[in-house]
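Let's take a walk through this model together, one region at a time. Have the sequence at hand as you read.

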Amino acid sequence: MSDTDRSVEKRAATTRAITAAVVSAAVAVLFSALPARSEISELRARDAAIALSRGDSVAAVDHYTAILAEENIPDDRRATLLNDRAVAYVRLGKTREAIEDYNKAVVLFPEYAAVYNNRGNLLMALGLHGEALKDFNRAIALAPGYAAAYNNRAGAQSRLGHADDAIRDYTRAIKLMPSSPAPLAGRGKAYLSQDRPHAAIRDFSRAVGADARFATGYRNRAEAKIEVAHYNEAIEDLSRAIAFDVANPEAYLLRGHSYLAIGDAPAAVTDFTRVIELAPSDTIGYEARGLANTMAEAFDAAFADLNEAIRLNPRSATAFAYRGFAYVRNGQPDIAQRDLDAAAALEKDNPEVLWALAESEEAQGRSEKAIEHLRRALAIKPDFKRAADSLQRLGFVLASASDTPVKGLGGFGWQVIANSGRFYAVSDNHPNIRVPLEPLGEGQPRILSWELKDAPFRDIGVLTYHGGVIEGREKPEEVELAAIIDLKSNSVVAIEPHRQGKEVSNWTWGENGRVTIASVDGVTDEFTLRQVRQEPTVSRYRQQDRGESSDPYWAPWNEGPWASDPSHRSRSASRARKAKKPKSFFQLLFGN
């Protein structure tokens, strides 16, 4: 090899070495720029969480599955990924896969409270309330401040019929997350199940205050208001609920019955028609519209609806009872009796059947028999307004044969009676009102005071009673409740917590006819009890003595900043001259 060839070969080898070094360095730089395996997993986990939050559960499952396929993932981390994938499976309706993931997560990370809470929710959805309760207990044992677990355990307690335990758990959840509507609404439902509608109304009001678009909260509050005969307020709440959920037949049904209760049959017909449109195969819409058409004396339409209800369900006692009532109102008592007998044979203790039987007896002049039926109906359904109205129409004082006076609990002109496990306050001085003595804790109610207010709250009274003993911060505490009573309308406006232990609510009675109550439970309520007529406001431009005015057409716009506009002055003077013109006899009669 010549020197020249050796020189060329040497340069070529040097070039190859440099090229190899450059390539090696470039590859090293390239790989150093790529994320490590753990970083890739975190990126995928982030993408999975984003997909789950956006409702793309399929993508979330794919991401979680890819991560879980990796090796060397710590047990606690793998458990959290399995928990999250299980949540995505639940949303996809893949129950078996979700349960498998939750079970694996529990084995890998038995101290992970969230997985017990989530598995409990799935078990609740499957109707396994007892098993769900065990999971919620475990979640709370691991994380005593776990608000969602308290709320969920309360739901399980409610399903199992443990209302008192449910209320305690909801109360703990409310303390832990006071701005959340869920535990408030849950406790309100539990109060309703215990026939404590006034307490329920307070919780539902706080729930919709926390979330103004909480349609279920409005509907639930309406149910409670119907129980206490606040029908106009119930209609307002149901209208709000319908605005947020226009396809819910239950809301239209409740609003229709509320319209019937205040005597607006045409509005009720409209709502019941909507119920039929949303649930055409259900008898309840036809039954309700048949009753409303009867009340409106649209008998042909009523019979058509009730015939259809009976066709859909030949064993509907309510449909036969309503059709019998329609025949009574239409002056056909013989035909009515056949339907009423059929209704009684199907359900003799149905309050609607007893009410329809009473209407028939009254129409035939047998008032004593009618009263007997109505009293039975009210014993079964104490808040049955139509039956109560019929009794009052017959001149019968609102009382039940099953009322039992309880000695030692009354006072201040009021007596405490017991009926079907509930307590009421009654007074001979106010025979048309029964005050439900809703408890707040353990123990029997006892009347503590009775106060009648002066103007502008004339005929408003406050009845205070012992509401039981509840769990306090350090020891059990006695509570007092106050019922605000409107004697003019014979209604209970509200029942408010007044005292707990040494804490007392602050009541402010305003001259505007409103009362504001800063309650011991931290909630402030306000009620307009009387509409106070406002005196006309005297303008600061008005002279002290109108008789001394040099302008016979004085008005505030003729002085101050408006006085520079002569058109205002001329128009006001023209109106004043027209006002002074005597009215004709025709105008006095017809208001023209």
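Strand β8 (residues 491-500) is joined to β9 by two bridges, and the two run antiparallel. Within this predicted model, R499 stands opposite V504 in β9. Both strands belong to an open sheet of five strands, ordered β5-β6-β7-β8-β9 with antiparallel pairing. At the edges stand β5 (446-452) and β9 (503-504), each with a single partner strand, so one side of each has no neighbour in the sheet. In general, strands of a sheet pair through backbone hydrogen bonds.

Now turn to helix α16, which covers residues 283-295. Its 13 residues, at 1.5 Å a residue, should span 18 Å, and this agrees with the 19 Å between its end C-alpha atoms. At the start of the helix, a side-chain oxygen of D282 reaches to within 3.1 Å of the backbone nitrogen of I284. After the helix comes E297, whose phi is positive, near 60°.

How much of α16 is covered? Eleven of its 13 residues are buried, among them Y286, E287 and R289. The buried residues of the helix pack against α14 (249-261), α15 (265-278), α17 (299-312), α18 (317-329), α20 (351-363) and α22 (385-393).

E287 is buried yet has no salt bridge. The nearest side chain of opposite charge is that of R386, 9.9 Å away, whereas a salt bridge calls for a distance within 4 Å. Leaving aside neighbours within four places in sequence, E287 is in contact with L306, A309, S316, T318, A319 and Y322.

Technical notes. Residues numbered from 1 in each chain as written. Predicted model: local features only at pLDDT ≥ 70, side-chain atom pairs only at ≥ 80, totals over all residues. Heavy atoms only, no water. Helix = DSSP H or I, 4+ residues; strand = E, 2+ residues; numbered from the N terminus. Buried < 20%, exposed > 50% of the residue type's maximum accessible area, 1.4 Å probe, protein only. Lys, Arg positive; Asp, Glu negative; His and termini not counted. Contact = heavy atoms within 4.5 Å. Expected span 1.5 Å × (residues − 1). Polar contact = N/O pair within 3.5 Å; in protein donor to acceptor, adjacent residues only side chain to side chain. Pairing = 2+ DSSP bridges.
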